[in-house]
Amino acid sequence: QVQLAESGGGSVQTGGSLTLSCAPSGYTWHNLCLGWFRQVPGKAREKVATINYRGAVQGYGDSVKGRAAIWVDHPKKTVHLQINNLKAEDTAMYYCAAEKYTGGQCWTYDYAYWGQGTRVTVSS
């Protein structure tokens with residue numbers, strides 16, 4: 001069973017930056033995909049960014065492309081998501097997700113393991 005511990009959410013002003021962190025544990029796979037998703041009440045969940053834990057191949061959603069970066073801190077076994085130039089529409093609950101990597105692009109995976117979420121609020 002995979003556990004995902006998220007941190008880093010909070011309130012930020014428009015134009016600011018925020019870094020979210022996720023520490024996966026409990027997995028026995030050689031490699032895994034990690035993804036960040038977000039959801040606003042009443043709207044569909046949106047895929048924000050994904051990364052292959054060992055290969056560090058990233059994928060980004062159109063809404064954050066050019067403003068976001070996802071990377072793995074291997075010594076700390078943590079994946080980070082930074083979003084710059086935050087906008088009001090970035091306000092959401094952000095979730096970290098994981099899935100066993102079996103080839104191909106992590107962006108295309110269905111993720112089975114989810115964290116509890118961390119809230120991000122962007123206001124002017």
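This report walks through the strands, the aromatic rings and one histidine of a predicted model.

## Ground rules

Because the model is predicted, local features need pLDDT of at least 70 and side-chain atom pairs count only at pLDDT 80 or more, while totals for chains, interfaces and linings use all residues. Residues are numbered from 1 along each chain as its sequence is written, and side-chain values use heavy atoms, with hydrogens and water left out.

## The four-stranded sheet

Let's start with an open sheet of 4 strands, in the order E1-E3-E8-E7, with antiparallel pairing. Strands here are DSSP runs (E, at least two residues), numbered from the N terminus, and two of them pair if DSSP finds at least two bridges between them. At the edges stand strand E1 (3-7) and strand E7 (68-73); each has a single partner strand, so one side of each is left without a neighbour in the sheet. From one strand to the next, the twist averages 20°, with axes being lines fitted to C-alpha atoms and angles running from 0 to 180 degrees between N-to-C directions.

Strand E3 (residues 18-25) and strand E8 (residues 78-83) run antiparallel and are joined by 5 bridges. In that pairing, Leu-20 sits opposite Leu-81 in E8.

Strand E4 (residues 32-39) is largely enclosed by the rest of the structure, because 7 of its 8 residues are buried. Buried means under 20% relative accessible area, exposed means over 50%, and partly exposed is in between (1.4 Å probe, protein chains only).

E4 is joined to strand E9 (residues 92-100) by 8 antiparallel bridges, and Gly-35 has Ala-97 in E9 as its bridge partner. Another 6 bridges tie E4 to strand E5 (residues 46-52), again antiparallel, with Phe-37 opposite Lys-47 in E5. E4 and E5 make a hairpin with 6 residues between them, and Gly-42 in the turn has a positive phi of about 85°.

## Rings and charges

On to the aromatics. Rings of Phe, Tyr and Trp (its six-membered ring) pair if their centres lie within 6.5 Å; planes under 30 degrees apart are stacked, over 60 edge-to-face, and the rest tilted. By that rule the count comes to 6 aromatic pairs. In one of them, the rings of Tyr-27 and Trp-29 have centres 6.3 Å apart and planes at 35°, so this pair is tilted. Tyr-101 and Tyr-109 form a stacked pair, 6.0 Å centre to centre with 10° between the planes. Tyr-101 is partly exposed at 25% relative accessibility, whereas Tyr-109 is buried at 12%. One aromatic cluster brings together Tyr-27, Trp-29, Tyr-53 and Tyr-113.

Some rings also have a charge over them (NZ of Lys or CZ of Arg within 6 Å of the ring centre and within 35 degrees of the ring normal). Phe-37 has the charged end of Arg-45 over its ring, 5.7 Å from the centre. Lys-47 lies over the face of Trp-107, at 4.7 Å from the ring centre.

## A buried histidine

Finally, look for His-80 in strand E8. His-80 is buried, with a relative accessible area of 13%. Its side chain makes a polar contact with the side chain of Ser-21 at 2.8 Å. A polar contact is a pair of N or O atoms within 3.5 Å; within protein, one must be able to donate a hydrogen and the other to accept it, and residues adjacent in sequence count only if both atoms are side-chain atoms.

Not counting residues up to four places away in sequence, His-80 touches several residues, among them Leu-20, Trp-36 and Trp-71; contact means heavy atoms within 4.5 Å.
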